[in-house]
Structures are given as structure tokens and as C-alpha cells.
Amino acid sequence: MMGDKLIELHSQLSQRGVYLIDFRLGPSSFIEITMISKADVVVVGSGGLGAATAYCLAKRGGLSVALLDKHEIGSQTSPRAAGMVSCVRKGDLMIELIKDACRKIESFTDETGQPLDWVHSGSLKIARRPQDADVIAADLQRGKRMGLDVEQISPDVACRLNPFLKPSGVLTALRIGDDRYFDPAQIAVGFARAAQAQGAILLPKTDVTEVIIEGGKVTGVETTKGRIQASVVVDAAGAWTRQVAEASDIRVPLVPTRQQLIVTEVLEGARADLPMVRIMDAAVYVRPCQGGFLWGVYEEDPRFFDMNALGPAFEVKDMPLDIEVLRRAAEQVKAQLPFLQTAKTREFRGGIPTMTADGHHVLGPAPATEGFFFASGCNVAGLSISPTIGEALAAWIIDGNPPIDLSPMSPARFRDSNWSEEQLWRDAAWQYRHFYGAV
């Protein structure tokens, strides 16, 4: 069956004029192509944003699409994420995007034919300070206006909804019925497999060393395996976004940032349907996971990375971890989540999301360079809205415009801005710590 599919794919590629150096069946149920010489669109980076974009482009039809990654497909930050969907956000645009993403998460398997385990658990946003209670009140009004299932509740009610949360020190809580979580390991790989089924070419372990730009237009990419001609390139390289862009003298102000989390051992009473918990001022989050809990923190002094300094062989799995960060966070919320101090650790992992100074994604065409698009700057919220971002960017590439106004995310917003690394790091750190809107 797979051999027939491979022969069919080879025939289709030959008809499109794509030159194959070699092709074979890969060990991860992907059809592996060693190299091609041309494509209409090259997507660089196979995390959630890149894989979703490749799938949506391939699904539209009429374009040859290549999805490249310097490592294995879908193997870097995306599978190490928390997989939490937070619907109450600071602005209307993000709420609209996430509402649409929720619908797409529900229909993911029907749409792509790939598995996705998700739970519609809802969540509890916890305020321990008066100023954060004011933020809760504003979130409530914004959520209602945007059609979300939101309700301000007392500490006692919140604790009845999730008995692992204790009322001590809690002023108020916001129940968000729309929130959910999913298995983060399934999104990027699922979209990549679905893209391949639609005719996209997957090229793992293919490092892009330069996007070739001639006369202000993209003409292809140079890789460690050779050149690929293409008139459109999407930089969705995650932590390596700047390396891909800056190799072609395109600057983009984002910062690769360490994110760490723990998955606990099984705990008595832990259920998959318990609402997630987010404690605003401590920036600690908790969700059910495999009979225990997954939890992490957006720390006040996050560690940033210069990906060039880490070397060409670096993978996210090699990122240095610091469990003391989590221990300090557990101490800060011990009155509300005492189990975090005693639960045994099953897994301690981390990823490298990208942060921007204003907390918005970097999405769309680069100024003054025809055919160069970004899909990055996830601000610890990329995987959850990747289904919607991928569809929007595919429409932007094919139709010339996105389906909704995405100008707050456009790379053009940086065009006239002078920024230093120090200012970028300072602002990005603030956005990271204040992801939940704490004052």
C-alpha cells in the first residue's frame, strides 16, 4: 500500500518537473525525499506553524510545496509545549483567532485524517491581588463581548471545580468554559503527514543556509543539500527564525526564550476533565496530564538564547534546564497548589518559543522583499492557534491578502523602528512574565 503511494508520488512529482535525487520510505511513516530542485513554495521549519502552513497551501492545490527542517519533522519545540488553549486574551484579534482555532482543533482528525487527543476541560484564572482582580473584571467584560463562556466565581466555587486548588490567598477567579488542552506532540507531525498526503514534499535534516533574493524578489533557498528554486519562502523556523532571515539581511526582532515544564507522576484524584489553573501574578499554569498534572511558569527573568552561539548541531532537546526555577515557582504558589511541592516528577522538559517586544506574532510578508513570508514570534501561544495561522498565511500567499486583518502581526510594524537587543530583551521578558495579564 505504502509502496503504491510512493510510486504514485514519484509520478506526480515527475509530471510537475521536480527532479528527485533519491526517494525512499522513512522510519516515521513519512515518505522521505532526499532532495528536490524546485518548488513553488518552500516552508522552512516543521513546527506547528510551518507544518500547518504547508498543509493549508498543499490542500488549496495548484502549488508544489516543500516543507524543510534542519532536524526531524516536528521534533523541536512544538512537541515540548504545554498544549494549553487560552481563549481570554488581551485583544480582540487573538480571541477571534483562538476561537477559530478551537473549532479546528475539534475537527482536526476529520480534516487531516491524523490523530489529536484533546480535552475540553475549561480553566480557572486566579487573582491573588486587588490589581489582578481588576484585570479579571476586564477579562470578563471582554470575554462576554466576544461571545466566550466566561463567569467570575468565588474562591470556594473555583476549588470545588478543581479540588487540587486551595482557596487560601485567592481573591477571585474567572471560569473560562471555552479553554481546552491537547497533546502537543500530535499537532506538527499530524499537519506534516496531512501535507504530504496532499502532495507536499517533506525534507528533514535539510538546513537552509540562505534565502536567495535577487532584485528584491525571492528566487530560492540554498541548503546543506543544494539549491531549491522557489518564488515564495516562509520562514517558520521557530528558534532559528532570525538565523534564516538574517542570512539574507532581513532583520526581525524576536528572542528565542527558554520555557520549562514538569509532568508529575500519577496523583490520586487527578482527572482529565479537571479545569486548568492559571495563577496570574506568579504566572504558574497547571493542567491534567496522563493521570497527573503538567505545570510550568513564565518566569520573571527568562533565559534567552543566541542560536548562533549554540552551534549548528544544537537541538532543543539539548537545551540546558534548571529545575530550581520550577521549585521557586512551586514555593510561590504553595498556598493555592500545595501538591506541586510534593508530587514526584515523571518528566522535566523544555522548549524554545520566540518572544516579541509587543507580544504579537510575526506573520506575513517581509517589507521590500517579494515572496518572503514569516510565521513566527509565537509568544508562547503558537501551537494552540497554528491551525488558524496556517490557513490565514496560506490565503495570504495564494490570494494576496489574509482572510482577516492581521496588520498587528505584520513584520511591517518593525520597519521604521530602531531597536537594540537590550530593549528587545527587556520588553520580551515583560511580555513573557505577563502573559496572563497580571499588572
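This report describes strands, nonpolar cores, a pocket, a helix and several loop residues of one protein structure.

The structure is a predicted model, in which local features need pLDDT of at least 70 and side-chain atom pairs count only at pLDDT 80 or more, while totals for chains, interfaces and linings use all residues. Residues are numbered from 1 along each chain as its sequence is written, and side-chain values use heavy atoms, with hydrogens and water left out.

**Strands and their pairing**

Helices (H or I, at least four residues) and strands (E, at least two) are DSSP runs, numbered from the N terminus. Two strands count as paired if DSSP finds at least two bridges between them.

Three strands make up an open sheet in the order S5-S10-S6, with antiparallel pairing. Strand S5 (84–85) and strand S6 (118–119) stand at the edges with a single partner strand each, so one side of each is left without a neighbour in the sheet. Two bridges connect S5 with strand S10 (residues 180–182) in the antiparallel sense, and Met84 stands opposite Tyr181 in S10.

Further antiparallel pairs involve strands S12, S13 and S14. Strand S12 (residues 208–214) pairs with S13, and strand S13 (residues 217–223) is in turn joined to strand S14 (residues 226–229).

| Strand pair | Bridges |
|---|---|
| S5 and S10 | two bridges |
| S12 and S13 | six bridges |
| S13 and S14 | four bridges |

**Nonpolar cores**

In soluble globular proteins, nonpolar side chains tend to be buried together. Here a nonpolar core is a set of buried Ala, Val, Leu, Ile, Met, Phe, Trp, Tyr and Cys residues joined through side-chain atoms within 4.5 Å. Buried means under 20% relative accessible area, exposed means over 50%, and partly exposed lies in between (1.4 Å probe, protein chains only).

The largest nonpolar core has 83 residues, and those with the most contacts inside it are Val43, Val234, Tyr285, Tyr298, Leu363, Leu393 and Ile397. Helix H2 (residues 48–60) provides the largest share of this core, eight residues. A second, separate core has 37 residues, including Ile31, Val208, Phe305 and Met307.

What does Leu393 touch, when residues up to four places away in sequence are not counted? With contact taken as heavy atoms within 4.5 Å, Leu393 touches Thr53, Val234, Leu363, Gly364, Phe373, Phe374 and Ala375.

**The second largest pocket**

On a 1 Å grid over the protein atoms alone, a pocket is an open set of points where a 1.4 Å probe fits, with protein on both sides within 12 Å along at least five of seven lines, and lining residues have an atom within 4 Å of a point. Grid points are joined across faces, edges and corners, and a volume is the space filled by probe spheres set on the points.

The second largest pocket has a volume of about 310 Å³. Its lining has 20 residues, of which Asp183, Pro184, Arg287, Cys289 and Gln290 lie nearest its centre. At least two lining residues come from each of S6, S10, strand S19 (284–289) and strand S21 (345–351). The largest share, three residues, belongs to S19. By class, this lining has twelve nonpolar, two polar and six charged residues; Ala, Val, Leu, Ile, Met, Phe, Trp, Tyr, Cys and Pro count as nonpolar, Asp, Glu, Lys and Arg as charged, and the others, Gly among them, as polar.

Among the buried residues of H7 are Ile187, Phe191 and Gln196. Gly199, which follows H7, has a positive phi near 105 degrees.

Asp249 lies in the loop between helix H8 (241–246) and strand S16 (254–256). Asp249 is exposed, with a relative accessible area of 72%, and its phi is near 65 degrees, a positive value in a residue other than glycine. Val380 is found in the loop between strand S24 (372–376) and helix H10 (386–399), and its phi, near 50 degrees, is likewise positive in a residue other than glycine.
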